[in-house]
Amino acid sequence: MRHDEHIREQARLARQLGAERSNLFEQVPFARELERGAPGLERIARPVVAVAGTASVGKSTLLRALGTDVPWKWLEVESGGSGEGGLSVGELAEHCLLVLAAGEALSREVLAWLQQLAEEFPEGSLQIVLTRCDALPEGTSPDGVREQLEQVLREVVPHRTLPVFTVSGSVGEGVESLRAALAEKLAWRQRVLLEEALKDWSNLLADVHALLEMRDLAKLQPETLERLRLCLDELLREESQRLEEELPRLAEDSVRELESQLPKTQRALTQAFREKLSARVEPRSRALRQRLDAVLARELARDVEGKASLVLADRFGRLVEPRSLFFDWGFARTGGLAGVGAAMLMGVARKHGGWAVMGAALLGGVLAGLLGKGTRVNTTEELKRVVAAPLLEDSLKRLKQATETSHADVDRLCGLLRKVAEIFSPARAQTHDPERLGQAVTQAESRREQLGRELTELQWKDART
C-alpha cells in the first residue's frame, strides 16, 4: 500500500472515531464530562506538515515542486520559533521539514531553532532539506555538502538521527525521494496518534461503563471519598518505601543462594537471579493487594451497607486496565517468571490495575545487555557487579514508576466515584435510563473494537507491501 493511501485510510478511521464520539455524547451526555482533553481527531485526519526556514531559502519553490494534491496540509513557517497565535511549530504540526540552503553556513539563530525543533518533534518527524543543490559552485557535490551538514547535526543534536535530503526545487531533482520519505514518516506518525486516540476512547468508554455499574455508590459521601483516597495513598507510600528499603537485602539473599553455582554463564545467572528476586517480591505484591482490598471494603462500608459493598468493591478494583509497566507478559511467556505464579499474576493484572499489583512491576522488563552470549561469571564479586547491581537498579527504577502511576490510579478512581455521586444524585438520577445508557456504551465499545481491527488490517497491508 502506498503511504499516501495509508494516510487517507487512517484519516477515514479518524473521522469515523469522531462520528462515534459525537454519537455517544448525544446519547450519553455526561460522558463528555469524563474526557481528559480533546483527542485532536481533525488534525489526525488531515495532519499538518510544516515547511520551515528563513525567508529566502526557497520554501515556496519547494512547496510547488512537492505539489498540493496530498492527503495532508502544508504550513509554511518563517524561521524564528513560533507560528500562528504564538504557538510553537511542534504545536502547529505533526511533521516538519527544516529547509536549508546548500552551501550556506548555518547561523547561530538557525542552529538554535534546529535544537528547538529537535525537542518538539519525535524521532522520524523532523527531516532536513538542502535546497538549490543545482546552484552549488563548480567542483562542489551535493553529497559532499550533505556529509558536511550531517557532521554538524551530530554535534548540534547528538541525541537525534536527522535524515538530510538534497533537492533542487526549480528542476525537481530529489523531490520525489523527499516526498516518498515524508509520506512514509507521516503515515507512521499519524498511526501512532490514531492508536493513542483509540486507547483514550477505550479508557473513556471503560469509565462510562464503570459509572453505570457503580451507580449505587452515589450514596458515598465526599468525606468518605477523601478519606479513602488518603488511606490508599498512604498505604501505597508506606509499602513502596518499605520495599525500596528491603530490595537491597533481598538482592543480597538472592546472590548468596547463587554463590554455590559459580562459575556459570551470565545468561543463566541473570535468569536465576531474576527468578529468586521475583519469588521474594511476589508475596509482598499479594499482601499489598489484600491490604488495599481491606481498606477499600472498610471505607465503602461506611456509606453502603450489606453485601453490596463487597460487590461494589470488586467493581471498583476492575476499573484500571493493565499496563506493561506493571507486568511484562511477553517476558513471562519466555520463562522469565518460572516458579513465581506468572499465570496467577496475569489473572490479577487483567482484573486489577497498577495500584493493586505494584509489586509485579519488578517482575517485568528484560535487560538485554545482561543476557550475554555465554560470558562466564566466576566470583561472587563479579556476580554482584554484572548481574545483581544492574537488576537491582532496574527494579528500584520500576518501583518508583509503579508508585507514581499507582497514586495516579487512585486519584482517577476516586474522581470517578465523585462523578458517580454527582451524576446519579437524587436530583439527576431520575433523568437517566441505565438500561438505555448501557446499550449505547456497549454499542460504542463494539464499534471501537471494529475500528481497532481495521487499523490492524491496514498495518498488515502496509507490512506486506
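Which residues does Glu20 touch, not counting residues up to four places away in sequence? Glu20 touches Trp201, Arg447 and Leu451, where contact means heavy atoms within 4.5 Å.

## Basis of the model

The model is predicted, so local features need pLDDT of at least 70 and side-chain atom pairs count only at pLDDT 80 or more, while totals for chains, interfaces and linings use all residues. Residues are numbered from 1 along each chain as its sequence is written, and side-chain values use heavy atoms, with hydrogens and water left out.

## Overall composition

The secondary structure comprises 15 helices and seven strands. These are DSSP runs numbered from the N terminus, with helices being H or I over at least four residues and strands being E over at least two.

Of the 465 residues, 48% count as buried. Buried means under 20% relative accessible area, exposed means over 50%, and partly exposed lies in between, with a 1.4 Å probe and protein chains only. The protein exposes about 22500 Å², and carbon and sulfur atoms supply 49% of that area. Accessible areas come from the Shrake-Rupley method with a 1.4 Å probe; for residues, only the protein chains shown count as cover. Among contacts between residues at least 6 apart in sequence, 84% join residues at least 24 apart.

## Nonpolar cores

A nonpolar core is a set of buried Ala, Val, Leu, Ile, Met, Phe, Trp, Tyr and Cys residues joined through side-chain atoms within 4.5 Å. In soluble globular proteins, nonpolar side chains tend to be buried together. The largest nonpolar core here has 52 residues, of which Leu24, Val28, Phe30, Val208 and Leu217 touch the most other members. Helices that each supply at least two residues of this core are α1, α2 (41-45), α7 (175-213), α8 (222-258), α9 (266-300), α13 (380-423) and α15 (434-464). The most comes from α7, with eleven residues. Another core, of 30 residues, lies apart from it and includes Val89, Leu98, Val110 and Leu126.

Glu20 sits in helix α1 (residues 3-27). Glu20 counts as buried because its relative accessible area is 16%. The side chains of Glu20 and Arg447 are joined by a polar contact of 2.4 Å. A polar contact is a pair of N or O atoms within 3.5 Å; within protein, one must be able to donate a hydrogen and the other to accept it, and residues adjacent in sequence count only if both atoms are side-chain atoms.

Gln190 belongs to helix α7. With a relative accessibility of 2%, Gln190 is buried. Residues up to four places away in sequence aside, Gln190 touches His6, Ile7, Gln10, Ala11, Ile44, Ala45 and Pro47.

The 37 residues of α8 should span 54 Å at 1.5 Å a residue, and the end C-alpha atoms of α8 are 52 Å apart, which agrees. The expected span is 1.5 Å times one less than the number of residues. At Glu246 in α8 there is a kink of about 35°, shortly before the proline Pro248. The bend at a residue is the angle between axes fitted to the seven residues ending there and the seven starting there.

Glu234 is also in helix α8, and Glu234 is partly exposed at 33% relative accessibility. Its C-alpha atom is separated by 9.5 Å from that of His407, 173 residues apart along the chain. Arg418, in helix α13, is partly exposed at 36% relative accessibility. Leaving aside neighbours within four places in sequence, Arg418 is in contact with Leu225, Glu226 and Arg229. Arg418 and Leu225 are 193 residues apart in sequence, yet 7.5 Å apart from C-alpha to C-alpha. A polar contact of 3.5 Å joins the side chains of Arg418 and Glu226.

Gln115 lies in helix α5 (residues 108-120) and is partly exposed at 38% relative accessibility. Gln115 touches Val156 and Val157, not counting residues up to four places away in sequence. The C-alpha atoms of Gln115 and Leu153, 38 residues apart along the chain, are separated by 9.5 Å.

The peptide bond from Leu262 to Pro263 is cis, with omega near -10°. Pro263 is in the loop between α8 and β6 (264-265). Arg132 has phi near 60°, a positive value in a residue other than glycine. Arg132 lies in the loop between β4 (126-131) and α6 (142-156) and, at 38% relative accessibility, counts as partly exposed.
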